[in-house]
2 protein chains.
Amino acid sequence: MRTINYWHTADIRFPTSKELDGSDAMNPDPDYSAAYISFGHQASTPAVGHASVFTIGRGNDVQVAALEAVKPFVMGRDLDELLGDMGLLYKELTGDSQLRWLGPEKGVMHMAIGGVVNALWDIKARQEKKPLWELLASYSPDDLCNLIDFRYLSSALTPEEARDIFMQSEAGRPERAAALHAEGYPAYTTSPGWLGYDDEKLARLCREAQEEGFSRIKLKVGGKLEDDVRRMGIARATCGEGYPIAIDANQRWEIGEAIAWIRALTPFGIDWVEEPTSPDDVAGHQQIARAVAPVRVSTGEHMANRVVARQLLEARAVGLLQIDSARVAGVNENIAILTLAAKFGIPVFPHAGGVGLCEAVQHLAFFDYVALSGKKEDRAIEYVQHLHDHFVDPVVVKNGRYWPSNVPGNSQEIVESTRRDFAFPGGVIWGS
Amino acid sequence: MRTINYWHTADIRFPTSKELDGSDAMNPDPDYSAAYISFGHQASTPAVGHASVFTIGRGNDVQVAALEAVKPFVMGRDLDELLGDMGLLYKELTGDSQLRWLGPEKGVMHMAIGGVVNALWDIKARQEKKPLWELLASYSPDDLCNLIDFRYLSSALTPEEARDIFMQSEAGRPERAAALHAEGYPAYTTSPGWLGYDDEKLARLCREAQEEGFSRIKLKVGGKLEDDVRRMGIARATCGEGYPIAIDANQRWEIGEAIAWIRALTPFGIDWVEEPTSPDDVAGHQQIARAVAPVRVSTGEHMANRVVARQLLEARAVGLLQIDSARVAGVNENIAILTLAAKFGIPVFPHAGGVGLCEAVQHLAFFDYVALSGKKEDRAIEYVQHLHDHFVDPVVVKNGRYWPSNVPGNSQEIVESTRRDFAFPGGVIWGS
């Protein structure tokens, strides 16, 4: 028996607010941060996994405290028992009544559970000597079903329906895995579109995004309408007719305001509009989606859990869906959300950027393509080109595409020197 | 200028799991706990307020860490500036982009903001030498509007509509305040109905509840249907026809399961069914409500914020609504929720019990009666008879009614000896 005898959390922050990278209508001065968790069996042959919960600065310490609250559920446990049933720890933690009170299944405590679940997946993938996506794509339909907590999903997705969905894409797995290696997976970039950038920089970055081969770009909107009209005009003129440009309001609008704003930008051609209003407002997204069709409405980056995802899909409130690797209870809950999206025929465009989100979420998108939806048309993973060199296995994005690595694990391990230098508040970067 | 120069948080826990008080289908072994916050101006004439966030044990330390994350927003501020605009701090904290990332507006961080907002109200009420409910009931309609964050509410409630609602009940305030002192406010009790109690104890406590004058009782359900049928039969036989008995499933069911279970219990007469399924599932509550009408469906104890409340009301998914003093962002957000409920003509039955929830939420119900809905028919505050002697100004419940105290403040201050003895893990109660 290998006992879990190692547990370490860290508060790691990057001073991104100095450059206005990541500035949007709701988040003017983020310091991208990682509430970082490592745990496992420390021995001559160690089995340790890593993951992080992404925050934007203040409160990263609260997120670390929430990770620490999970420690008693993990330390001293039989690692091999947990690795033998990868639905077990996830369901135990989300089902624990006392932790559940702090959500339920939402916010800081839920994200901490997600971090721990993701780190366990990292151990599993390293042990199996596979990148996480490949490990997941090797699971049988029955084993995939066992990863999902079907509670509160029965109106939309039963275990039998999920199994059918997994079985439909079981046959073509080897071919799609080969295609993934040969063709990569589409990426889109938000790098040109941060609100803090001036018009000249916007146009230059739009040109560069196209030259680099990105299939689409996304602009942040929601500050002032006249600015958005001007910036959308610049982006469209630079990119040309027909090139997909999405917009992202980061929850800025009321329902009626969203409809008017989107209509004002619709003449420029909008691929989708992301987070028009509160991520809790299923009814609001439904109203907006009906009013601005055929422009597609989307959300997901702040979607609390699979219950909200189910409602958004049932209500046809979204034309596509984001997922986030660190918002919900980890790989397991994201598989539930991907399965729901497949059931409703809604494409998923994973949210990334931040720090480590690209590294983490690519595995879910690759898995979805190979073993779940079976599709990568009209799909793309968000990409922002910064902070990747802090990772042991950074994403490979070339020619506007993500390329799968063959490194075992979930790609979330942060290099040792970064963990030391960017530690908050003690690291050298923070002037201590 | 009085500077905020005092800030103290505490982790206080009560070993309630030993007695199975508070046991329900979702929460088998709660240790009722308070993440306690005190802050203000410490001087020869101190101005300090208190509040707590209720949790059920594990994770209370995470809740305390979240309170601590608010400290930089409060310490060193001009207390009188904050007291002069009681919407200011609330909107600052819920609007802070970095704290917001940790929700947004849900879970541990949101509850911490609620605790801090509630403690500020305690300072305000003490300074004005009024119990909180009386202070709130002295606000003009315009000033009440200024307390509310109308963001994401515009489809249901504009500032103008809110002002109209407040103005409609402005005239009768003195008469209703007098009636409150003369008649009290209806209470109902959950004391008989915990799942951990045997049948004999259930029957005895049902009799006692009636004898004590409670207007209704509530039974926990959702363990085994056959047990619920038997217990409902005992309660009905003991209480007699026509006496209101509500049931509470604490989120136990799937949608279809809820409908079947409620129908099986409907012949016994159900006043309302509380938390049939996930508190995030507006669509599910709507389906259940339509299927089991005229039995009323309810939720709110775990309702994340006013955006979810708005959707529940717009969808007619609830026939009544709970509010909780410590789940949302404090007094301000609860005033928004009470105003929404008044707009839709839906009665509010505040959730209480726990530790300090009765003390806190009575102020909101009294305020609602005197200066908002103007009604106390078909309304009642939950009451559980334990842990009240730990409070400086405990609730007064006699003859099945809450009676307003005249003590200035919000009634949430915990007595000094309890704060010492029940401190976790250092207090004598915890064996240290």
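**Entry 1: strands β7 and β8, chain A**

I began with strand β7 (residues 272-274) of chain A, which is joined to β8(A) by three bridges, the two running parallel. Strands pair here if DSSP finds at least two bridges between them. Helices (H or I, at least four residues) and strands (E, at least two) are DSSP runs, numbered from the N terminus. I found A:Val273 opposite A:Val297 in β8(A). From β8 (residues 296-299), A:Arg296 and A:Ser298 point one way and A:Val297 and A:Thr299 the other way, and all are buried. Buried means 20 or more other C-beta atoms within 10 Å of the residue's own; exposed means 12 or fewer, partly exposed in between, with C-beta atoms placed from the backbone.

**Entry 2: what I am looking at**

I note that this is a predicted model, in which local features need pLDDT of at least 70 and side-chain atom pairs count only at pLDDT 80 or more, while totals for chains, interfaces and linings use all residues. Residues are numbered from 1 along each chain as its sequence is written, and chains are lettered from A and ligands numbered from 1 in the order in which they are written.

**Entry 3: the sheet of chain A**

I looked up the open sheet of chain A, where three strands in the order β1-β2-β3 pair antiparallel. Its edge strands, each pairing on one side only, are β1 (6-13) and β3 (47-55). β1(A) and strand β2 (residues 33-41) of chain A are joined by eight bridges. A:Arg13 has A:Ser33 in β2(A) as its bridge partner. Helix α1 (residues 60-74) of chain A lies across β1, β2 and β3, at about 170 degrees to β1(A). Helix α5 (residues 107-127) of chain A packs on the sheet too, touching β2 and β3, and its direction makes about 145 degrees with that of β3(A). Axes are lines fitted to C-alpha atoms, for helices over the stretch in contact, and angles run from 0 to 180 degrees between N-to-C directions. Contact means C-beta atoms, placed from the backbone, within 7 Å.

**Entry 4: A:Lys106**

I found A:Lys106 in the loop between α4 (97-101) and α5 of chain A. A:Lys106 counts as buried because it has 27 C-beta neighbours inside 10 Å. Leaving out residues up to four places away in sequence, A:Lys106 touches A:Ala304, A:Asn305, B:Lys106, B:Gly107 and B:Ala304.

**Entry 5: the contact between the chains**

I then turned to the contact, which takes 49 residues from chain B and 49 residues from chain A. On the side of chain B that touches chain A, the elements that each supply at least two residues include α1 (60-74), α12 (255-265) and α13 (282-292) of chain B. The largest share, six residues, comes from α1(B). By class I noted 23 nonpolar, 19 polar and seven charged residues on that side of chain B. Ala, Val, Leu, Ile, Met, Phe, Trp, Tyr, Cys and Pro count as nonpolar, Asp, Glu, Lys and Arg as charged, and the others, Gly among them, as polar.

**Entry 6: α12 and α13, chain B**

I checked the axes of α12(B) and α13(B), which come within 10 Å and cross at roughly 30 degrees. Residues making the contact include B:Ile259 and B:Ile262 of α12(B) and B:Ile288 and B:Ala291 of α13(B). By class this contact has seven nonpolar, two polar and one charged residues.

Definitions and conventions
Two residues are in contact if their C-beta atoms, placed from the backbone, lie within 7 Å.
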